[in-house]
Each structure stands twice: as structure tokens, then as C-alpha cells.
Amino acid sequence: MTNILVVIEIAKGKIMGITKECLTAAQKLSENLGKEVEGVILGQDISELALEATKYGIKKVHKIDDAQFAGINILHHTRTLEALINEVNPSVVIAGASLYGQEVIPRLAARFGSAMFASVKDITVEGDNLVGIHPLFEEKLLGTLSATKHQLNFVTILSGNNPEVEKDESLSGEIADFAPSISDSDKREAFVEEKIAKVSVDITKAKLVVAGGRGVGGKEKYSIIIDAAKELGGEVGASRAAVDADWVPYDHEVGQTGKTITPDFYIACGISGAIQHLVGMRNSKTIIAVNTDEEAPILDVAHYAIIADLHEVLPELLKKV
Ligand SMILES: Cc1cc2nc3c(=O)[nH]c(=O)nc-3n(C[C@H](O)[C@H](O)[C@H](O)COP(=O)(O)OP(=O)(O)OC[C@H]3O[C@@H](n4cnc5c(N)ncnc54)[C@H](O)[C@@H]3O)c2cc1C
């Protein structure tokens with residue numbers, strides 16, 4: 001068995017952030033296993049993206065460039081990846097725990113009769129084993145998955161746990177074409193159309209998020225959160241209570257049923273810190289909580305707490321900016 005193979009995901013003509021997070025995890029693993037990182041990219045007219053992938057430290061990119069891959073057809077992708085894995089014989093295959101990764105990677109693991117590290121935060125080596133941490137029950141429990149490193153293993157990595165790998169224009173790598181391999185039985189599934197939901201804002205990329213919860217007290221009053229985010233050069237976040245009350249659109253929701261974010265600063269205003277909210281923001285680098293209740297659970301994860309009325313605190317804070 002040879003190298004680590006990362007499945008490169010594309011959306012809207014760009015390499016996805018989740019792939020760059022997987023590459024960080026793969027680089028760390030490669031140092032421990034003494035193996036190199038290879039990548040596989042599938043799509044149509046993807047030469048530039050394959051070249052870009054080498055700038056992220058991938059030594060060899062397997063390019064499957066074919067009109068049949070213009071859209072995502074899970075069976076076609078699975079079959080072709082199966083053929084590639086048979087040829088390159090990697091020791092570990094890594095993809096993001098995205099909708100795509102969760103569809104394709106378990107199918108491959110089943111076809112190869114291999115171990116599957118599903119939705120892990122990271123993947124490391126302990127002695128003769130690969131070890132992955134899989135969160136359960138909104139991270140109330142962390143399960144440890146382990147399998148011998150001397151076999152082919154499949155891994156999907158959760159977003160928000162590894163920084164995205166930086167692009168380095170000085171890096172270069174080999175690009176190798178690989179022909180698609182699709183059997184007649186795979187043709188029972190056909191790609192029809194891609195519909196991308198309209199998203200008004202992407203808070204997952206924001207460096208600073210000012211988030212408001214039920215404690216804000218109403219839709220009109222929510223302008224204090226929007227103004228603070230604007231003034232501080234960040235984005236607006238929200239608890240589900242604020243979204244359910246229709247004070248702010250769903251795209252801003254943080255948590256289990258919203259977004260998982262890791263900004264440099266997360267300012268939680270009038271948010272109690274229910275576990276379903278915490279799973280979406282607790283890996284933020286600096287958390288500031290503004291809450292009238294000194295026993296609110298958000299304070300357990302906050303680096304700084306201001307126990308006061310947010311309607312008094314935020315105007316004072318903005319005067320200092
Ligand atoms: C299956 C499931 C999934 C869920 N997913 C999510 C999710 O993705 N995201 C999410 O957020 N929730 C989610 N929830 C809901 C979650 O359990 C909580 O109900 C919700 O997060 C509470 O929102 P909140 O903190 O804004 O409101 P509350 O819990 O009511 O807290 C309001 C807080 O504001 C404080 N406060 C009040 N007035 C002021 C003031 N003037 N100044 C400062 N502080 C003040 C209070 O002390 C309190 O701590 C989910 C629930 C379930 C069951």
C-alpha cells in the first residue's frame with residue numbers, strides 16, 4: 001500500500017473548503033505514516049483545478065476529466081473511484097463528511113471490505129492503529145474508532161475541526177489522467193439537474209460573528225445585532241430561537257440544525273448556550289458572551305463574559321470602536 005488519497009470536492013467551479021480541511025488532516029497523517037498525499041479530482045474541464053490542487057501540497061493529482069462527470073452521479077463516482085483505488089493502492093482514502101463524502105466513501109469501504117472512520121474530527125496514528133474521534137449526541141460523548149493501519153482505511157472528516165491548508169504557488173506536483181470506469185449497471189442512475197439553494201450569506205467564512213438570541217427581545221430590537229456586526233466588520237449569527245421567531249433568516253443560524261463556524265471572534269448576545277447551539281460555535285477562537293444570567297451555560301465555553309443587558313453593553317462597546 002502506498003500513499004494517502006484525498007478526494008477533492010468541487011462546487012461552483014472551486015475546490016471546496018472541506019477538501020482544504022481534509023488536506024490539513026492528510027498532511028499531518030502523512031508525516032506520521034511516512035507517506036505522501038495524493039488527490040483525485042472528478043469533473044469536466046478541470047485541468048486548472050487539478051493544477052491548483054498541486055499548490056495545496058498534493059504530490060500527485062489523479063484527474064478524471066469527462067463530460068459524464070459534469071454533474072454528480074454517485075454510482076459513476078463510486079465505480080470510477082473504486083477502479084482508481086485498485087490501481088493506485090492507497091493506504092488511506094480521505095474525504096469530507098459532506099453530503100458527497102457520506103454517500104460515496106461508505107459505499108467504497110463496503111466494496112473493499114475496509115474499516116470506515118465515519119464523520120471523525122481528525123485522524124491520527126497510535127502505534128499500529130489509525131485512530132479517529134467521532135462525536136456522538138451533539139458532542140456530549142466522543143467515541144474512539146480504531147483500526148490497524150496495515151490495511152486500506154476510509155475516512156470522512158467533519159468540517160470545522162482542521163484549518164484549511166494554505167495555497168503555496170511555489171509548490172508543484174504531477175497530474176495524471178485516469179479514464180472513467182462506468183459499468184452498464186451504474187447507468188440506472190442519471191444526473192438530471194443541479195439546484196443550488198439560494199444562500200443570502202455564508203457565515204462559515206466570517207472572521208467575526210455577532211450573534212443574537214431570544215434575549216434580544218424582538219424583531220425590531222434585532223437591529224442592534226445587525227448594526228454591531230456591520231460596525232465591527234463581521235457577520236450576523238443567531239440562535240434557533242431567534243430564527244424560529246422570524247427575527248433573522250435561517251442562513252444565519254448557528255448550531256446543530258444551522259451552521260458550524262470557527263470565527264476568530266464570536267460575540268453571543270442574549271444566547272443561553274443550549275448544547276445544540278454550542279456544537280456550532282464552541283471551537284471559535286475567542287468567545288465573548290453578553291448575558292444577564294451569570295449561570296447561563298454559554299459562560300462555560302466563553303473566554304470573556306459580560307453579565308449585563310446587551311442593549312446597554314453593545315452601544316457602549318461600539319462607542320469604543
Ligand atoms: C433537535 C434540536 C436541534 C436544535 N438546533 C439548534 C441549533 O442549531 N441552534 C440553536 O441555537 N438552537 C438549536 N436548538 C434549540 C436549543 O435547544 C435552544 O432552545 C435555543 O438555542 C435557545 O436559544 P436562545 O439561547 O436564543 O434562547 P434562550 O435559551 O431562551 O436564552 C436566552 C438568553 O438570553 C439571556 N437574556 C435575556 N435578556 C437578555 C438581555 N437583555 N441581555 C443579555 N442577555 C439576555 C437569558 O439570560 C438567556 O440566557 C435545537 C433544539 C433541538 C431540540
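User: What should I know about numbering and confidence?
Analyst: Residues are numbered from 1 along each chain as its sequence is written. The model is predicted, so local features need pLDDT of at least 70 and side-chain atom pairs count only at pLDDT 80 or more, while totals for chains, interfaces and linings use all residues.

User: How many helices and strands does the protein chain have?
Analyst: Helices (H or I, at least four residues) and strands (E, at least two) are DSSP runs, numbered from the N terminus. Here there are 8 helices and 17 strands.

User: What does the radius of gyration tell me?
Analyst: It is taken over C-alpha atoms, and the globule rule is 2.2 Å times the number of residues to the power 0.38. For 321 residues a compact globule would have a value near 20 Å, and the protein chain, at 22 Å, agrees. Its C-alpha trace spans about 65 × 45 × 40 Å along the principal axes.

User: How do H5 and H8 pack?
Analyst: Axes are lines fitted to C-alpha atoms, for helices over the stretch in contact, and angles run from 0 to 180 degrees between N-to-C directions. Helix H5 (residues 223-231) and helix H8 (residues 310-319) meet at about 25 degrees, their axes 11 Å apart. That makes the pair roughly parallel (angles under 35 degrees).

User: Which residues make the contact?
Analyst: Two residues are in contact if their C-beta atoms, placed from the backbone, lie within 7 Å. H5 contributes Ile-224, Ala-228 and Glu-231, and H8 contributes His-311, Leu-314 and Leu-318.

Conventions
Parallel < 35°, antiparallel > 145°, perpendicular 65-115°, else oblique.
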